[in-house]
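Reader: I have a model open and want to learn how to read its features. Can we take them one by one?

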Amino acid sequence: MEFENKTVIVTGSARGIGREIALKFGAEGARVVVFDIDIDGQAEIADAVCGEIRAAGGEAEYFLGDVSKPADTDALIKFAKDKFGSVDVIVNNAGITRDNLIMRMSEADWDAVLTVNLKGAFNVIKSAARTLMKQRAGVIVNMASVSGVMGNAGQANYSASKAGLIGLTKSVAKELASRNIRCNAIAPGFIETPMTAKLPEDIQKAYKDSIPLKRFGQVEDIANLAVFLAGDKAKYITGQVINVDGGLVM
Ligand code: NAI
């Protein structure tokens, strides 16, 4: 139980990759804060994720809010400290897509994606920074994407947000290293989640053909790395971007 007595915040963990990450940390004994956007029915969904974490031996509480709002991320950190006494690991996983060709991409879609994916991670890190620095310990894992590494037609906003997140990761790693805080990014390729399920079948096939391993990844492929990066076995790894993509980027 590597994460016993450790508090882990996972943003966007009501479903998809974030949910799997929350469950994996729970299975390692962590005290998990499931954080996701406050929309209809979300409380029940987040509560069910907490129930699964508790059943697997972890502790869990959910908190709803919007990563793009600093007041919400401040409240999230306060919630974690009030409930569990510390903030040890942060996984900035919340993310959205608003894909379109650049000529048709609205300013609103550009702003929405940059605001959630990039500013959201900045907000959470900024809200937590004082606490982590005081503790002289902490780990941050940011969910980037291969799109942020190699670009992707139709995803100018998303790729820019994820490339920005990689810059943020490296800067935070440099800035906070002296306080024993590590910060790394994971760049998933195509992972089977609601986000990829909405792609048309022919596009899915074309993507699979371009992947050396010829298949999409599973949420546990990402969650396994998030847990590894947060743990002691990765204690000398910081400022890195690790691709989990079946060989797509090499
Ligand atoms: P998803 O759409 O299934 O889950 C994203 C979660 O983030 C949802 O629960 C959503 O409610 C939450 N969220 C969205 N906006 C939020 C906000 N403003 N505040 C708080 N929570 C918010 O997506 P998926 O596939 O699980 O992706 C998770 C992360 O992994 C994202 O950052 C995504 O960009 C990244 N990623 C996913 C890939 C894939 O193939 N699925 C590939 C590369 C990266």
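Author: Start with Ser 13. This is a predicted model. Ser 13 has a relative accessibility of 0%.

Reader: Is Ser 13 buried or exposed?

Author: Buried counts as under 20%. Ser 13 is at 0%, so it is buried.

Reader: Where is Ser 13 found?

Author: Ser 13 sits in the loop between strand 1 (7-11) and helix 1.

Reader: Which residues is Ser 13 in contact with, leaving aside its neighbours within four places in sequence?

Author: Gly 18, Arg 19, Ala 22, Val 33, Val 34, Phe 35, Asp 36 and Val 49.

Reader: Next, helix packing. How do I read it?

Author: Two packed helices are described by the angle between their axes and the distance between the axes. Here, take helix 1 (residues 16-27) and helix 2 (residues 42-55). Their axes come within 8 Å. They cross at roughly 30°. Angles under 35 degrees count as roughly parallel, so helix 1 is roughly parallel to helix 2.

Reader: Is the crossing of helix 1 and helix 2 left-handed or right-handed?

Author: The crossing is right-handed.

Reader: Which residues of helix 1 and helix 2 meet?

Author: Helix 1 brings Arg 19, Ala 22, Leu 23 and Gly 26. Helix 2 brings Val 49, Glu 52 and Ile 53. By class, this contact of helix 1 with helix 2 has four nonpolar, one polar and two charged residues.

Reader: Now the cysteines. How many disulfides does the count come to?

Author: First the idea. A disulfide is a covalent bond between the sulfur atoms of two cysteines. The rule asks for a pair of cysteine sulfur atoms within 2.5 Å. By this rule the count is zero.

Reader: Are Cys 50 and Cys 183 buried or exposed?

Author: Buried, in both cases. Cys 50 has a relative accessible area of 0%. For Cys 183 the value is 1%.

Reader: Last topic, backbone angles. Which residues other than glycine have a positive phi?

Author: Asn 5 is one of them, with phi near 65°. Arg 136 is another, with phi near 55°.

Reader: Where do Asn 5 and Arg 136 lie?

Author: Asn 5 lies in the segment before strand 1. Arg 136 is in the loop between helix 4 (107-135) and strand 5 (138-143).

Reader: What is the relative accessible area of Asn 5 and of Arg 136?

Author: For Asn 5 it is 58%, so Asn 5 is exposed. For Arg 136 it is 47%, so Arg 136 is partly exposed. The cut-off for exposed is over 50%.

Definitions and conventions: Residues numbered from 1 in each chain as written. Predicted model: local features only at pLDDT ≥ 70, side-chain atom pairs only at ≥ 80, totals over all residues. Heavy atoms only, no water. Axes fitted to C-alpha atoms, helices over the stretch in contact; angles between N-to-C directions. Helix = DSSP H or I, 4+ residues; strand = E, 2+ residues; numbered from the N terminus. Parallel < 35°, antiparallel > 145°, perpendicular 65-115°, else oblique. Left-handed = near helix turned anticlockwise from the far one by under 90°. Contact = heavy atoms within 4.5 Å. Nonpolar A, V, L, I, M, F, W, Y, C, P; charged D, E, K, R; others polar. Buried < 20%, exposed > 50% of the residue type's maximum accessible area, 1.4 Å probe, protein only.
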